[in-house]
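Here's a quick briefing to read alongside the model. Have the sequence and the 3D view open as you go.

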Amino acid sequence: MKRKPSPSSKTSSAKPARAASGARSKAAPSPKPVVKRVKPAPAQTPEITTTKQSQLITLLRSAAGASMEQMMALTGWQPHTVRGMLSGSLRKRLGLDVQCQRVDGVHLYRIVEAAAA
């Protein structure tokens, strides 16, 4: 059974009348303070970060080149990761000419510098 509210409860929960929309007072917004941003001074001695990619490029630019085992030992990566770096980052993104030659049954990879025209 549901109980009907008594008529006296309706009068106590009535909402107060709203003021007209034009009657609202808006305070003028206060101006925001101007904050000057100062650039930090450049470091006097830049830190040289040696990434695995830069180490790999240095190894591949040597005249002898590098085998897959040498690149894996240098970076600690698995063969598919080294091949992905050679194909995706070095060849496609950086545009380096990475060539592979088979010498004595071992694939040697090296970066060939473009000849000056």
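Let's start inside: setting aside neighbours within four places in sequence, leucine 86 is in contact with Leu60, Met71, Arg91, Val98 and Tyr109 (contact means heavy atoms within 4.5 Å). Keep in mind that this is a predicted model, where local features need pLDDT of at least 70, side-chain atom pairs count only at pLDDT 80 or more, and totals for chains, interfaces and linings use all residues. Residues are numbered from 1 along each chain as its sequence is written, and side-chain values use heavy atoms, with hydrogens and water left out.

- The largest nonpolar core has 14 residues, and Leu60, Met71, Leu86 and Leu90 touch the most other members. Such a core is a set of buried Ala, Val, Leu, Ile, Met, Phe, Trp, Tyr and Cys residues joined through side-chain atoms within 4.5 Å; buried means under 20% relative accessible area, with a 1.4 Å probe and protein chains only.
- Two or more residues of this core come from each of α2 (52–60), α3 (68–75), α4 (79–93) and β3.
- α4 gives the largest share of this core, four residues.

**The whole chain**

- You'll find four helices and three strands in the chain; these are DSSP runs numbered from the N terminus, helices being H or I with at least four residues and strands E with at least two.
- Reading from the N terminus, the order is α-α-β-α-α-β-β.
- Of the 117 residues, 15% count as buried.
- Among contacts with a separation of 6 or more, 42% are between residues 24 or more positions apart.

**One side of α2**

- Leu56, Ile57 and Leu60 are the buried residues of α2.
- They sit on the same side of α2, because they cover an arc of only 100° around the axis (the arc is that of the directions from the helix axis to the C-beta atoms).
- These buried α2 residues pack against β1, α3, α4 and β3.

**Strands and the hairpin**

- Strands β2 (residues 98–103) and β3 (residues 106–111) pair in the antiparallel sense over six bridges; two strands pair if DSSP finds at least two bridges between them.
- Arginine 102 has histidine 107 in β3 as its bridge partner.
- Two residues lie between β2 and β3 in their hairpin, and aspartate 104 in the turn has a positive phi of about 55°.
- Serine 67 belongs to strand β1 (residues 66–67), and counts as buried because its relative accessibility is 8%.
- Not counting residues up to four places away in sequence, serine 67 touches Val106, His107 and Leu108.

Key
Buried means under 20% relative accessible area, exposed over 50%, partly exposed in between (1.4 Å probe, protein chains only).
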